[in-house]
Amino acid sequence: MTISYRNITLSEIELEDIELLRNLRNENRDSLLNQTRIDKDEQLLWFKALDKEKNVFFKIMRKEVLVGFIFVKNIDAIQNSFETGVLILEEFKGSSAVSFSAIMLSFYFFYYKNFDYAFAYIHKENQDAIAFNKSLRFEILEQVEDFYKLCCSKEAYLSLLEKYHLTNKLKNEIKLVLS
């Protein structure tokens with residue numbers, strides 16, 4: 001699957017992407033729930049076993065430049081929810097490419113797939129990520145050890161889009177290639 005909006009493209013990861021993903025994940029593991037270092041063999045096994053019905057990982061490209069990775073995982077059709085997160089190259093942290101990637105992916109899952117809730121787990125010391133998620137209408141539900149569990153409802157997210165008059169732009173300009 002590929003989701004495109006203007007000069008940002010989210011493409012499902014492929015085998016050739018997993019080493020970059022692994023390196024970025026290991027560099028940022030202190031901010032992840034699972035903080036263990038992953039080696040090449042473990043990453044390959046993970047990729048081969050990836051259930052794309054429940055977990056979808058995308059690389060973020062702005063024009064032809066890699067920005068990082070964004071994902072939805074733990075997709076739950078019964079609870080009508082998913083978990084989301086990003087791993088961003090240092091030079092793109094705080095960039096509009098990251099914001100638009102999150103907006104695009106959430107739009108796809110809330111608007112087209114009709115999910116009701118998105119969750120995120122963020123380390124309590126990661127104030128930039130907390131602020132970023134709050135700007136997307138996530139709210140802190142609880143603290144789980146050193147992490148906050150945040151939630152965004154479809155209604156809250158879509159009201160954010162309406163506030164900035166983005167709903168029709170996204171409906172008309174997002175390009176989806178489903179595979």
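This is a predicted model: local features need pLDDT of at least 70, side-chain atom pairs count only at pLDDT 80 or more; totals for chains, interfaces and linings use all residues.
1. Contact, as the word is used in this note, means heavy atoms within 4.5 Å.

2. In the pairing of helix 1 with helix 2, Ile18, Glu19, Leu21 and Arg22 of helix 1 meet Lys40, Gln43, Leu44, Trp46 and Phe47 of helix 2. Sorted by class, the residues of this contact comprise five nonpolar, one polar and three charged.

3. As for the geometry of that pair, helix 1 covers residues 18–27 and helix 2 covers residues 40–49, and the two pack at an angle of about 120° with their axes 10 Å apart. That angle makes helix 1 oblique to helix 2, and the crossing in which helix 1 passes helix 2 is right-handed.

4. The surroundings of helix 1 reach beyond this one partner. Ile18, Leu21, Arg22, Leu24, Arg25 and Asn26 are buried in helix 1, and the buried residues of this helix pack against strand 3, strand 4 and strand 5 as well as against helix 2.

5. A second pair is formed by helix 3 (residues 96–112) and helix 5 (residues 154–163), whose axes come within 11 Å and cross at roughly 125°. Helix 3 and helix 5 are therefore oblique to each other, and their crossing is left-handed. On the side of helix 3 the contact is made by Ile103, Ser106, Phe107 and Phe110, and on the side of helix 5 by Lys154, Tyr157 and Leu161. By class, the contact of helix 3 with helix 5 has five nonpolar residues, one polar and one charged.

6. How many disulfides does the count come to? The count is zero, where a disulfide would require a pair of cysteine sulfur atoms within 2.5 Å.

7. Lys63, although it is not a glycine, has a positive phi of about 60°; Lys63 is placed in the loop between strand 3 (56–62) and strand 4 (65–76), and is exposed, with a relative accessible area of 62%. Asn80, likewise not a glycine, has a positive phi of about 55°, and its place is in the loop between strand 4 and strand 5 (81–88).

8. The last point concerns Ile130, which is found in helix 4 (residues 127–135). Is Ile130 buried or exposed? At 6% relative accessibility, Ile130 counts as buried. Leaving aside residues up to four places away in sequence, Ile130 touches Ile122, His123, Lys124, Ile140 and Tyr148. Ile130 and Leu150 are 20 residues apart in sequence, and the distance between them in space is 8.7 Å, C-alpha to C-alpha.

Key
Residues are numbered from 1 along each chain as its sequence is written. Side-chain values use heavy atoms; hydrogens and water are left out. Axes are lines fitted to C-alpha atoms, for helices over the stretch in contact, and angles run from 0 to 180 degrees between N-to-C directions. Helices (H or I, at least four residues) and strands (E, at least two) are DSSP runs, numbered from the N terminus. Angles under 35 degrees count as roughly parallel, over 145 as roughly antiparallel, 65 to 115 as roughly perpendicular and the rest as oblique. A crossing is left-handed if the near helix is turned anticlockwise from the far one by less than a right angle, and right-handed if clockwise. Ala, Val, Leu, Ile, Met, Phe, Trp, Tyr, Cys and Pro count as nonpolar, Asp, Glu, Lys and Arg as charged, and the others, Gly among them, as polar. Buried means under 20% relative accessible area, exposed over 50%, partly exposed in between (1.4 Å probe, protein chains only).
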